Amino acid sequence: MTTGSTAGSVTRRLRDDNARAVLLHVWDLPPGAAVTGSDLIAVTGLSRATVHDVCDELIDRGWLRELENERSTGTYVKGRPARRYGFDARAGAVVGIDAGEHRISVRVTDLRGVPLATVERVVDQAAGRTPVAHRIAALEAVLREACAAAGSPRVLAVSVGVPAPVGVDGRTLGTDNPFWAFTNPDLAGVLGDRFGWPVLVENDANLAALAEGWCGAGAGLAHQVTVLAGERIGAGVVDDGRLLRGVRGGVGEMRYLDIVEGVGSSAGLGKVLRDLGGTEEAADVLAAARAGGLVATAQVEIAGLRLTRIVVTLVSLFDPERVILAGGAASPALVEVVNRELPSFLDLPRPLVVASTLGRDVVVLGALRRALDHVRGEALSLRLD
């Protein structure tokens, strides 16, 4: 026999399932779009009474708005007009943060990912030289500035990308590595305590892979590797539609490159190009190569051959459909070298290697995707009124 409490929990779970189906459908409609009860009945298979009860509950929780009905001027419509519903994308906000060693970028968006404010700051910080408290203070200051610029919305989740391996709890283990300890000094706990918001911390390359799968070159692919190449190099790996992390978040860490012949270190392409160019920045080397400079072209060739060996190791390990080069050093010229050289190393079918079009925003975009996914998953436990 089913007890009253068990029957009640089953009823609540069924009602939550119905509410989730309705909410996610309305959430995914284009901005400004409206849906009627009949539309929702057709999509969900629920009864009319259930649909309207669920919509009333979602309105009460702050997720939906009932919209005014529109009638053409001079046109008589028989009967009561259908109720129309819309998603309230401004009921809350999410925050994405790229917390690099030398640059902090914060973007605040509404619940459909429409930007409300972006603040970026170059910071004079370095592991081993800057106190951790200064890094946290700088991050907090940029975060507060961005939220104020966005109109101080109700923040439902914050996601932070850091250049360190991150476990499922947001912490970085193996903090005998001073760089990792500096870049992720338990930011989830520190920022969560100070602001009272859910704070999710993730490896920056993993977030880059999420961004590429959301709105970049990995969209629609179940198997892709995103190589994030700046001052350091790391990879985000998506296999069968899932982001791979490992026991301690170490999937995609590239420290093994120290022993790979022809590579020799885990330095990123930004550093490699800058070292090849002497005093020039990587962007200057790439620009000079695009302009036909012979020296710069040779430097890009050297960096591209090094990148080829890195891609070969990743392809051999993960067998992706596509490899995406992202970050500040992402360049079609480098990708051209890799695609030309791969047949010399691989007998198996070779993936297409492409350059990201998301630029420096790739980690922030991935952080926003992570925060939005979190809010969608927790929506029914939140009240926005």
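At what angle do the axes of helix H7 and helix H12 cross? This is a predicted model, in which local features need pLDDT of at least 70 and side-chain atom pairs count only at pLDDT 80 or more, while totals for chains, interfaces and linings use all residues. Residues are numbered from 1 along each chain as its sequence is written, and side-chain values use heavy atoms, without hydrogens and water.

**View 1. Crossing of H7 and H12.** The axes (lines fitted to C-alpha atoms over the stretch in contact, with angles from 0 to 180 degrees between N-to-C directions) of H7 (residues 204-215) and H12 (residues 362-378) come within 7 Å and cross at roughly 80 degrees. The two helices, DSSP runs of H or I with at least four residues, are therefore roughly perpendicular (65 to 115 degrees) to each other. Contact, meaning heavy atoms within 4.5 Å, involves residues including Leu207 and Trp214 of H7 and Leu365 and Arg369 of H12.

**View 2. An open sheet of 3 strands.** The strands (DSSP runs of E, at least two residues) have the order S1-S3-S2 with antiparallel pairing, where pairing requires at least two DSSP bridges. S1 and S3 (residues 84-87) pair over 2 bridges, and the bridge partner of Thr36 in S3 is Arg84.

**View 3. The largest nonpolar core.** Such a core joins buried (under 20% relative accessible area, 1.4 Å probe, protein chains only) Ala, Val, Leu, Ile, Met, Phe, Trp, Tyr and Cys residues through side-chain atoms within 4.5 Å. The largest has 38 residues, and Leu334 is one of those with the most contacts inside it. The largest share, 9 residues, comes from H10.

How values were computed:
Angles under 35 degrees count as roughly parallel, over 145 as roughly antiparallel, 65 to 115 as roughly perpendicular and the rest as oblique. Buried means under 20% relative accessible area, exposed over 50%, partly exposed in between (1.4 Å probe, protein chains only).
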